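Thank you for making time this morning.

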Amino acid sequence: MTPPGEIVARVPEKGNPRRRPKAALCLSGGGYRAMLFHVGALKRLNEAGYLPVIDRYSSVSGGSIAAGVLGMVWSDLHFDDGGIARNFEAFERKTFDFAGVAVDQGSVLGGLVTPFRTVSDNVTAKYRQELFGDLTLQDLPDEPPRFTINATNLQTGALVRMAKKYAADYRIGIYENPSIGLADAVAASSAFPPVLSPKILQVDKGDFRATGAEGEDLHQRPYTTRLVLADGGVYDNLGLQPAEDFHTVFVSDGGATFKEKKRVRPDWVSQSSRAWLTSDRQVRALRKIQLVDDYAGKIRNGAYWGIGTDIAEYQVAHLPCPKPQIAALARVGTRLKPFDRPLRYQLINWGYAVSDAALRAYVDSALPLPAGFPYLEYGIG
């Protein structure tokens, strides 16, 4: 088996040699479904020794919950000489337990009855209480790796990247060494519209400075002091933009699969929801096609795996993952409501199995097939 560091340092045959010589991992949105799916993928990446050679973790929505927890516990993972975290369970346990916590419904109801507290305020409070406490972006590990938590700025129509080194919106400027709470950043990234958004992020005058970069036309109040943010998936549903300058890109896509409907209600709520889902499907498909074309054209290295992927398409030996069970997991709703324990284990198992097949098909054919699922008694359904 080739060391992961050597694999991700290879320049693609037709790639840009000026791209970064390490790797980026993009974690999509999709509520608890995506979070747990990503846990399984990260578990397999850890066993293969890839976590320390990933230079950028870019996330949106449910993926940002997983990324935020991973960044929070990074110093406790204790990597050995092979790049394997010997205390991976410190991450896995926190995310697994959090998937049993009710967040969305209580937050919405609380926002309806409390006039001075928004739904997003309630979500933030839940993240703070259950996961992140008073940690800020400054409590993330020293770079590398960089954990970039992405949200969509509804004022500027641009992506807001939040990391330890800086927060930035290319139309506003840059906020260096931001003191933004980790719970606030993840809440902004997962503020799914229209129910959980917007997340209002107040910053001090002068925190954002102008850089003089092209397109920076909104470096003025209120853009620089009061950011109105929504789910990062509104702008970039796979979190790919912060990975553009890497020649090795892994994508874990736990986003919902599109469900056909024979009848669609004519009311404006149903129409708006359906239009949003259709748009999301189209944008996600275009980004995926471009990414896979880059892999095939040897413009980039890496691998894509999705929650609705037919594992047989990788054409490698794989763990038993029947199509009906895959389809059932892909249909799990995009919610932050409690999942029962068997479903949590099954989503982790599925993320583990499909990421393993993708890695062995497109990254390292010498990587051994795992002996079985991490939680063997649950399979994938």
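This is a predicted model: local features need pLDDT of at least 70, side-chain atom pairs count only at pLDDT 80 or more; totals for chains, interfaces and linings use all residues.

As background, most peptide bonds are trans, and most residues other than glycine have a negative phi.

S61, although it is not a glycine, has a phi of about 50°, and its place is the loop between β2 (54-60) and α3 (62-73). K298, likewise not a glycine, has a positive phi of about 60°, and it is located in the loop between α8 (268-296) and β11.

Let me step back to the chain as a whole. There are 10 helices and 11 strands, and the C-alpha atoms fill a box of roughly 55 × 50 × 40 Å along the principal axes. For 381 residues a compact globule would have a radius of gyration near 21 Å, and because the chain has 20 Å, the two agree. Of the contacts with a separation of 6 or more, 74% are between residues 24 or more positions apart. Buried residues make up 54% of the chain, and the accessible surface comes to about 16800 Å², with 51% of that belonging to carbon and sulfur atoms. As for charge, the chain carries 45 positive and 41 negative side chains, and the centres of the two sets lie 5 Å apart.

Now to the interior. In soluble globular proteins, nonpolar side chains tend to be buried together. Here the largest nonpolar core has 93 residues, and those with the most contacts inside it are Y127, M162, F250, W305 and W350. Helix α10, residues 341-362, gives the most to this core, with 11 residues. Apart from that core lies another, of 11 residues, among them C26, A243, Y295 and Y304.

What does W350 touch, if we leave aside its neighbours within four places in sequence? Its contacts are F37, G306, I307, T309, I311, C321, I326, L329 and I380. G306, one of these partners, is found in strand β11, residues 301-306, and with a relative accessibility of 2% it counts as buried. Setting aside its own close sequence neighbours in that way, within four places, G306 is in contact with F37, D253, W350 and V354, so F37 is a contact of W350 and of G306 in this model.

I will finish with helix α7, residues 182-189, which is mostly covered, with eight of its eight residues buried. The buried residues there include D184 and S189 as well as L182 and V186.

Definitions and conventions. Residues are numbered from 1 along each chain as its sequence is written. Side-chain values use heavy atoms; hydrogens and water are left out. A nonpolar core is a set of buried Ala, Val, Leu, Ile, Met, Phe, Trp, Tyr and Cys residues joined through side-chain atoms within 4.5 Å. Buried means under 20% relative accessible area, exposed over 50%, partly exposed in between (1.4 Å probe, protein chains only). Helices (H or I, at least four residues) and strands (E, at least two) are DSSP runs, numbered from the N terminus. Contact means heavy atoms within 4.5 Å. The radius of gyration is taken over C-alpha atoms; the globule rule is 2.2 Å times the number of residues to the power 0.38. Accessible areas come from the Shrake-Rupley method with a 1.4 Å probe; for residues, only the protein chains shown count as cover. Lys and Arg count as positive and Asp and Glu as negative; His and the chain ends are not counted. The place of a charge is taken as NZ of Lys, CZ of Arg, CG of Asp or CD of Glu.
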